[in-house]
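Hi,

Here is the structure I promised to pass on. Please have a look at it first; my notes on what turned up follow below.

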Amino acid sequence: SLPIDVLIHGTTIATNALLERRGARVALVTTKGFEDLLWLRRQDRAALYDLARDHPSPLVARADVVGVAERTGPEGVLEPLHQDEVVRVVAAVRALEPPAEALAVALLFAFRHAEHERRLVAALRDALPAIPIAASHEVLPVFREFERTSTTTVEAYLRPKVSAYLGRLERDVRARGIGMLRVMTSSGGTLPPGAAATRAASLALSGPAGGVIGARLVGAAVGLPDLLTLDMGGTSADASLVTGGSPLGDSGGTVAGVAVALPAVLIETVSAGGGSIARVDEGGALKVGPESAGAVPGPACYGRGGDRPTVTDACLVLRWLDAQHPLADAVRLDRDAAEDALRSLGSVGGASDPTAIAAGIVAVAAAVMARALKRVSVARGLDPRRMALLPFGGAGPLFGCQLAEALGMRTIVIPPHPGALSALGLAAAAERVDLLASLHRALDGLSSGDLATAFAPLLEEGRRQVPEGSLLRYVDCRFAGQGYEVTVPVTGDDPQRIRDAFLVEHRARFGHAGSDQRVELVNLRVVALREGPLPRFADARRVVQRPGASRPITLRGARVSASVWALDELAAGVTIAGPAILAGRNATALVEPGWRGTVHPSGAVLVERT
Amino acid sequence: MTLDAVGLEVMGHAFASVAEEMGLVLIHSAVSPNIRERRDCSAALFDAAGEMVAQAAHIPVHLGAMHESVAAVRGLAPGPGDVFILNDPYTGGSHLPDITLIGTIDVDGAVGGYSVVRAHHSDVGGVQAGSMPAGAREIFAEGVIVPPLRLTADVERFLLANVRTAETRRADLAAQRAAVARGAEGLRALAARYGWAAVRGAATDLLDYAERRARDALGRLTATALTATDWLEGDGVDDADLAIRVRVDITDGVFHVDFTGTAPAARGNVNCPLAVARSAVLFVVRTLLPEDVPTNGGVQRAVRVTAPPECLVNARFPSAVAAGNVETSQRIADTVFLALAAGGIAVPAQGQGTMNNVTFGGMRDTGSGMRDGWTYYETIGGGQGASPTAPGPSGVHVGMSNTRNTPIEVLEMEYPLRVKSYALRPGSGGVGRWSGGEGVIREFEALAPMEASILAERRRHAPRGAAGGRDGARGSTCLNGAPLNPKVSVSLAPGDVLRVETPGGGGWGEPERGDKR
């Protein structure tokens with residue numbers, strides 16, 4: 001076998017620890033008088049009309065919060081931190097029973113004045129050298145105390161588990177003679193395992209990031225820089241956006257109801273996947289999801305004990321999927337089981353024929369996904385009609401045409417190997433470190449020198465962490481009084497150019513450039529990047545020029561004969577008129593009537609309206 | 001035509017998606033924080049007959065509240081493509097800061113429906129910045145009144161000449177107009193995709209479907225002549241309690257609330273038009289329905305609200321109404337819940353029932369020897385009432401509001417204020433089989449001379465427990481330790497400390513087998 005130079009690892013260990021609440025026992029050290037911040041959150045309730053529903057409880061037990069007599073304000077220290085208070089706090093933390101396994105230190109205004117946090121961390125480290133400590137000025141040195149405190153707590157909660165896991169993995173990797181291990185983060189870049197172990201919270205949203213990086217790569221290969229992506233899996237579908245060739249970022253994330261405000265690739269999850277279960281409600285409407293059969297027991301047609309009708313069962317009954325053609329994992333599909341499951345719904349609006357019910361299920365699933373795709377784009381001021389749709393995952397490409405029609409989109413990109421796009425994204429992801437610092441200054445009062453001075457420590461840290469990488473500078477700006485920021489790239493140190501760039505970006509995103517409000521520079525960001533070698537898509541085995549066969553499928557209530565093509569082996573330049581099924585090893589695509597696909601040299605299929 | 005099971009769901013998502021898109025366009029392109037961040041706004045699509053087909057209500061106070069706006073416009077012989085504006089509470093509005101734009105949607109040259117967008121503007125003129133003056137006795141003090149008018153450039157100029165922050169208002173109105181246009185485009189796109197006859201038929205079917213679901217769910221409850229009385233603690237002019245009295249009947253799946261016995265028009269600003277009372281009742285009904293019932297006019301068909309003319313909740317021109325949306329709406333929802341609980345219906349105990357509105361304002365140096373006015377407004381969460389199945393959440397907004405807090409680090413960087421503490425209020429939730437949620441303590445220190453005004457409730461009458469659960473603790477507002485009235489304006493000197501303790505939620509069920517928190 002070939003030697004392996006680099007192993008790039010995407011892991012759900014952090015996400016699962018949050019979902020299952022199996023992290024470390026954390027003690028939180030915070031400013032006295034504000035010990036309840038994690039419980040107060042942002043004061044909005046969990047559900048507008050379900051008055052019994054509460055937010056998930058914080059990761060820290062209330063008894064494990066230690067208040068510190070100290071206070072810093074916007075201009076500096078208001079109440080000093082006395083040495084005897086430091087001693088008292090250390091003793092209080094040591095006295096916790098059962099003892100804390102990790103510590104989070106998050107004081108008010110530490111994003112700007114970190115001295116008190118530093119002293120507490122130093123004293124705690126001396127007293128408890130074996131216990132990991134996360135400090136808010138290191139984890140997320142930006143304003144908004146709830147999000148910073150929560151993120152710091154997440155880091156402490158995850159760090160012991162993640163660092164132990166990565167330590168083991170690194171030893172295994174070495175033992176197998178693999179040259180290098182890298183770990184995927186939420187921002188769509190990779191870190192060396194040592195760095196990842198102390199940035200455990202930055203792995204929490206990394207799961208879906210790989211697919212978006214892969215989508216971006218395919219978009220670049222086919223010359224489409226603006227993409228709406230949809231990764232349709234078993235229980236849910238993840239929507240994301242690529243604009244101007246870059247994945248859209250988001251720092252307002254939550255995992256399992258816990259705020260994690262670190263840079264991340266924007267993902268909006270919709271509960272519609274292949275395993276989503278269909279039912280008829282008491283008012284007579286057909287619902288699909290949010291309940292899902294998942295992978296186990298899975299759709300009825302998997303023959304693993306599931307007997308409730310799912311989207312995958314519907315696709316099989318419509319013959320979009322082929323019972324003769326096993327899915328990934330060598331799952332054989334049982335059409336009779338799928339039909340039985342659909343029949344169990346009884347009469348659906350007068351129809352009891354499984355094919356009619358199946359057509360209804362896919363129409364509803366598409367409506368749910370279309371609504372989510374519209375929401376994710378419109379909420380960011382982007383018009384889907386000006387973008388291309390890139391559906392991936394095993395089942396996503398079956399829904400491309402329906403979704404594009406619902407959203408008024410004209411172009412669909414079916415990536416090569418749609419079921420393995422996340423892996424491709426992982427392999428292609430750059431080494432990346434995101435660094436942040438707070439500034440909070442009016443742009444007007446800022447000189448070029450001020451800006452260079454403020455960026456200097458971040459640039460130095462970037463150079464240290466990613467030697468020989470490129471350093472990209474960004475700033476978060478906002479109009480005074482607004483609660484949201486816009487990130488713009490910085491070229492040169494001229495504040496006037498930043499202001500112009502901000503106004504242009506603001507107009508592009510929000511349709512206006514404010515109304516004479518002051519512009520503030522809130523945060524500085526440095527992204528240190530080192531791109532790896534990009535994968536090549538060309539594939540010598542791409543020789544298929546014509547369909548293998550045709551088979552009758554059901555589309556919008558009508559039976560039509562679809563040509564069937566080998567998706568993974570299509571030769572460049574081949575055109576495919578709908579209706580057509582493109583069957584690959586790990587995914588199936590559907591080109592509907594009124595659409596025509598053209599195979600790009602990369603192996604992607606560009607599907608456009610005829 | 002009758003939609004089948006699939007069509008109902010597909011078209012339900014399609015209409016909801018148009019309303020959602022309108023709301024997102026508004027929130028995304030508005031300028032003022034009150035719309036962008038507090039999301040005090042709403043968007044809805046109506047059919048040509050004036051029934052609401054879909055709504056994106058971001059906070060419950062806007063729920064179903066725009067029916068009257070469309071009715072007012074329909075009386076003016078609207079032509080396809082016209083856009084109207086109004087804020088008059090006596091002709092289709094709620095309170096003056098809520099400016100509503102109503103676009104008639106041109107489908108093939110006829111009025112195919114209405115695209116309606118309402119947003120709370122943080123100033124619409126009147127005697128005080130913010131246009132919610134405490135102590136107002138007539139609506140004329142609360143701002144500029146806009147009856148339903150075609151929105152022309154002249155009308156906009158006239159409106160902007162009457163407000164304090166004209167540029168921000170202009171930008172927010174532009175965002176509203178863009179949202180109205182997006183709604184019209186969305187409906188036309190559906191017509192192009194499915195055919196207009198099918199879309200129109202689908203709207204009718206969806207209304208029937210929602211009505212059927214609502215009446216099904218309500219039909220499982222029986223209630224006859226359930227009554228309750230609760231109190232508003234003064235009207236901003238006078239400190240005396242004002243009764244809100246309801247009688248609830250649920251017959252054949254129709255939820256009827258009658259307000260006979262409610263106090264007559266108040267002298268201050270706690271009056272509200274019947275549309276606001278209806279929103280509060282609709283909120284209660286919404287909590288009784290399964291989550292997936294679409295919010296449309298079909299649900300409203302299952303709700304009837306009646307009130308004697310000229311009572312507090314059926315405001316008489318020219319009564320002041322600014323606080324009606326904010327606090328009276330809360331009390332109406334509370335009173336209806338209380339009546340249901342008294343009838344043995346499984347509803348939560350009362351929550352804090354107030355938004356604890358706190359406004360600070362003063363003058364500050366802007367550099368170069370200039371001085372400028374500033375104001376800061378926030379509302380503070382409290383305890384939710386416990387429900388029959390769970391404790392009440394703590395430190396949240398209840399009822400008709402759900403806006404987020406302002407981070408302390410933002411507040412202190414931008415205003416001459418310091419937050420001394422921000423904490424849950426231990427023991428404030430009423431005990432019960434399930435405990436009520438806890439209130440909040442928020443303590444502000446003034447760093448400069450300033451005015452503060454507080455508009456709050458539940459300082460005298462505690463949130464009630466249900467099914468034997470105990471009441472939540474009452475709220476309080478103290479200046480340097482001395483208690484203040486529920487609705488009051490005070491001057492603060494540097495070093496003065498204003499401490500707000502918000503009410504806890506009521507408990508649910510007898511606490512005999514230990515108090516589950």
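In chain B, B:I250 stands opposite B:F255 of β9(B). Please keep in mind that this is a predicted model. Strand β8 (residues 241–251) of chain B runs antiparallel to its partner β9 (residues 254–258) of chain B, and 5 bridges join the two. Both strands belong to an open sheet of 4 strands in chain B, ordered β7-β8-β9-β10 and with mixed pairing. Its edges are β7 (223–233) and β10 (303–306) of chain B, each of which pairs on one side only. On average, neighbouring strands in the sheet are turned by 20 degrees against each other, direction ignored. Helix α9(B) packs on this sheet and touches β7, β8 and β9 of chain B, with its direction at about 145 degrees to that of β7(B).

Next, the aromatic residues. Over all chains, the whole structure has 11 aromatic pairs. One to look at is B:F283 with B:F337: the ring centres are 6.3 Å apart and the planes stand at 90 degrees, so this pair is edge-to-face. B:F283 sits in helix α7 (residues 274–288) of chain B and B:F337 in helix α9 (residues 328–342) of chain B, so the pair ties together parts 54 residues apart in sequence. Both B:F283 and B:F337 are buried. Together with A:Y49, B:F283 and B:F337 make up one aromatic cluster.

Lastly, two arginines over rings. A:R473 lies over the face of A:F455, 5.0 Å from the ring centre. In chain B, the charged end of B:R442 sits over the ring of B:Y422, at 4.5 Å from its centre.

Conventions
Residues numbered from 1 in each chain as written. Chains lettered and ligands numbered in written order. Predicted model: local features only at pLDDT ≥ 70, side-chain atom pairs only at ≥ 80, totals over all residues. Heavy atoms only, no water. Phe/Tyr/Trp six-rings, centres within 6.5 Å; stacked < 30°, edge-to-face > 60°. Buried < 20%, exposed > 50% of the residue type's maximum accessible area, 1.4 Å probe, protein only. Lys NZ or Arg CZ within 6 Å of the ring centre and 35° of its normal. Pairing = 2+ DSSP bridges. Axes fitted to C-alpha atoms, helices over the stretch in contact; angles between N-to-C directions. Contact = heavy atoms within 4.5 Å.
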